[in-house]
Amino acid sequence: MGTRRKTGGENAVAGAEQRWEERALAGLDAFHAGRADEAYAAWRSAAAIARAFDADDPRRAASRTHLALCYSASGNAAAARRAFRRALRAWEASDAWIARMALPQRARSSGFHLRLQAKHPGGYDAVARVGFARLLDAGRAAALTGAAHLARSPAAALEAAQAKRAAGLSWREADQVTIWRALAALREEAGDGAAALDARQRAEAVERDPVRFGPERLGPLSEGEAPSDLRRLEAAVYLTPVDLRRR
């Protein structure tokens, strides 16, 4: 059995964890407010900080996605296409990070669970990693959505993104409204009224009872506190917006 490699925070320079979250959040707030230059400056700073993390850390994939979104929002299609390709490769590389991430401690209060663990050693860990891989895919979906207008089949890219958000977070996850409404418009343009109606109805169903997965899900880190690997993954996903090209 090989030696488990250390994950991002154990290799990071002091304070980089918190600084990355602060700059990523500042960029997210500015991006949502339409302050593109401010968002780009904050996210470029976060990307520089992320160089302290492992090459396959999901926060590096998030930073690449942030910058790609800025290029896309500014109308620089060539730069956006290159940046989204790099972002998607970075999310793919993070699969290896998930395979070695330190799993959170779980309660062992049930005799049934103890017997099950004894009978199937490693079973809980395997299930947990599947769930975390799905959460990673929810972050990957942000890059797929942002790059959809550059794809050969925008509808296929959006369908893949929607499925990943639903599997990794919830079918009620709020950002899927953006995806469903974009799909409805594409289906309408293609003359498929039934598919367009279905997409609109799915968007409305989410809007009636949405579940939000954003920065509000991340509690503050204590001064000097090193986050868990789960926190690192959640920060990458929750601080990356789902956004289509702005016209």
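In this predicted model, leucine 233 touches Pro58, Trp97, Ile98, Phe132, Leu135 and Leu136, when residues up to four places away in sequence are not counted. Leu233 also belongs to the largest nonpolar core, which has 48 residues; Leu233 and Trp20 are the residues with the most contacts inside this core. Six elements are listed as giving two or more residues to the core: helix H2 (16-32), helix H3 (36-49), helix H4 (58-73), helix H5 (77-100), helix H7 (123-146) and helix H11 (229-238). The greatest contribution comes from H5, with 8 residues. In soluble globular proteins, nonpolar side chains tend to be buried together.

From its first C-alpha to its last, H5 reaches 36 Å over 24 residues, close to the 34 Å expected at 1.5 Å a residue. Its buried residues include Ala79, Ala80, Ala83, Phe84, Ala87, Ala90 and Trp91. Towards the other end of the list of buried residues in H5 stand Ser94, Trp97, Ile98 and Arg100. An α-helix has 3.6 residues a turn, so residues three or four places apart point the same way.

Serine 170 lies in the loop that runs between helix H8 (154-168) and helix H9 (176-189). Is serine 170 buried or exposed? Serine 170 counts as buried because its relative accessible area is 16%, and the cut-off for buried is under 20%. Apart from neighbours within four places in sequence, serine 170 is in contact with Arg165, Gln176 and Phe213.

Key. Residues numbered from 1 in each chain as written. Predicted model: local features only at pLDDT ≥ 70, side-chain atom pairs only at ≥ 80, totals over all residues. Heavy atoms only, no water. Helix = DSSP H or I, 4+ residues; strand = E, 2+ residues; numbered from the N terminus. Buried < 20%, exposed > 50% of the residue type's maximum accessible area, 1.4 Å probe, protein only. Contact = heavy atoms within 4.5 Å. Core = buried A, V, L, I, M, F, W, Y, C linked by side-chain atoms within 4.5 Å. Expected span 1.5 Å × (residues − 1).
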